[in-house]
Amino acid sequence: MPVHVAGSDVIRVGLIGVGGRGTGAAANALAADKGVELVAVGDLFADRLESGLSALQQSEHKDRVKVDADHRFVGWDNYEGVIASSDVVLLAEAPQFRPQHLRAAIEAGKHVFCEKPVAVDGPGLRAIQATCKLAEQKKVSLVSGLCYRYQKAKRAVIQQVYDGAIGDIKALQCTYNTGALWHRGRQPQWTEMEYQCRNWLYFTWLSGDHIAEQSIHSLDKILWVMKDEMPVKVTASGGRSVRVEPEFGNVYDHFNTVYEWANGVRLFHSCRQWHNTDGDVSDFVYGTKGVAAIQTHAITGEMPWRHRGDPGDMYQFEHDELFRSIREGKPINNGDYMCKATWMALMGRLAAYTGKTLTADQVLDSKEDLSPKACEFGPAPEPVIAVPGKTPFV
Ligand SMILES: NC(=O)c1ccc[n+]([C@@H]2O[C@H](COP(=O)([O-])OP(=O)(O)OC[C@H]3O[C@@H](n4cnc5c(N)ncnc54)[C@H](O)[C@@H]3O)[C@@H](O)[C@H]2O)c1
């Protein structure tokens with residue numbers, strides 16, 4: 001049975017992954033419901049945990065940040081302590097660990113806020129799919145961090161597309177071009193495993209690569225436009241043209257992908273992380289009667305339209321809906337689209353890494369397991385850079 005929370009009860013929240021997004025999500029949870037208390041936090045590293053917690057302890061919600069020394073969990077099994085102490089678990093750790101942590105939280109009957117992507121490989125994706133079904137059976141809420149789905153203005157523009165404002169969809173295009181992201185350096189006392197986990201963005205086994213870790217937002221908006229129907233195949237290219245040094249592990253710095261749906265509609269998607277270049281995050285849907293600009297909430301063509309006023313705070317709204325669903329006993333389950341968006345991202349990455357045109361089914365069945373041999377601080381998986389035409393699809 002799910003954790004039952006009546007109208008005025010305290011809702012105990014635990015956070016796994018006390019980084020930038022995790023502390024943001026905890027603040028959103030505290031703002032969403034006056035009965036929320038943050039009671040437990042977990043991270044692989046004590047310094048990360050303490051600095052994130054300290055920021056929350058100085059925030060406007062500090063009175064409801066009640067994490068005593070016994071509820072600060074550090075190390076590989078941190079998630080067990082957090083889950084046991086909480087009614088609602090926020091998952092904002094490196095993506096590699098999400099299948100394991102989500103499974104444990106749902107099995108324990110906890111409600112979950114789950115950041116994206118939900119897996120970095122085929123086995124992880126299949127595991128998450130099963131866990132999402134279990135969440136449904138257990139009637140717990142499972143809200144995804146694919147935050148655009150919770151923005152008022154995005155909901156409005158996509159409703160316009162659904163209502164026929166641009167006619168029939170003929171083609172789609174989306175772009176997620178950004179600059180450089182953080183790098184946390186290397187300390188001589190760190191093992192290779194610690195170094196990689198602290199710099200998780202740059203290792204495919206930890207992040208899924210940036211098409212999954214970042215551009216998934218764009219892929220998800222398109223998936224939403226397509227009423228959550230998966231594309232059937234993908235062809236892609238990509239590589240490392242700027243971020244070539246060893247400190248950038250084995251992830252690519254750009255991808256170009258073409259996804260195709262069963263009805264022949266194609267999505268032209270590109271993403272890059274290149275320092276000192278122009279950024280662009282945009283998505284366009286081309287129809288027989290007009291064009292929808294999803295990111296800027298506007299339609300041009302026979303029936304022009306523009307969203308006016310406040311677009312809405314998507315990060316806050318996803319938590320408002322999560323805690324309302326818990327109070328009202330009406331579970332939300334975002335499992336279907338959070339799995340499919342990750343699936344699309346894995347399709348693009350694997351097609352680019354191998355140079356093969358891949359079907360959605362092939363990717364879902366992929367046997368490549370990126371999890372490390374052992375979760376312990378010692379050696380880490382070797383960061384092999386994929387070479388299209390040589391790297392096999394497994
Ligand atoms: N929805 C959004 O807009 C959005 C924005 C930023 C990040 N994110 C997602 O949130 C997640 C975290 O990103 P971030 O930017 O906060 O990164 P971050 O590095 O600032 O935080 C991640 C934290 O997780 C910890 N961690 C890693 N492995 C762990 C494990 N096994 N158990 C517990 N803690 C672990 C790290 O030590 C770190 O403190 C990622 O999945 C990222 O894609 C989502």
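Author: Domain bounds here come from an automatic or database domain assignment. This is a predicted model, in which local features need pLDDT of at least 70, side-chain atom pairs count only at pLDDT 80 or more, and totals for chains, interfaces and linings use all residues. Residues are numbered from 1 along each chain as its sequence is written.

Reader: What does the domain assignment of the protein give?

Author: Each domain is built from two segments of the chain: domain 1 is 11-148 + 316-333, and domain 2 is 151-310 + 342-364.

Reader: How many residues of domain 2 are in contact with domain 1?

Author: The C-alpha centres of the two domains lie 24 Å apart. Two residues are in contact if their C-beta atoms, placed from the backbone, lie within 7 Å. By that rule 17 residues of domain 1 meet domain 2, and the number on the domain 2 side is 22.

Reader: Which helix gives the most to the side of domain 1 that touches domain 2?

Author: By class, that side has two charged, two polar and 13 nonpolar residues. Ala, Val, Leu, Ile, Met, Phe, Trp, Tyr, Cys and Pro count as nonpolar, Asp, Glu, Lys and Arg as charged, and the others, Gly among them, as polar. Helices (H or I, at least four residues) and strands (E, at least two) are DSSP runs, numbered from the N terminus. With three residues, the top contributor is helix α5 (residues 122-138).

Reader: Where does the ligand shell lie relative to the domains?

Author: A residue is near a molecule if its C-beta atom, placed from the backbone, lies within 6 Å of it. The ligand is surrounded by 25 residues, and G17, G19, R21, R48 and E93 are the closest. Because domain 1 and domain 2 both give residues to the shell, it lies between them.
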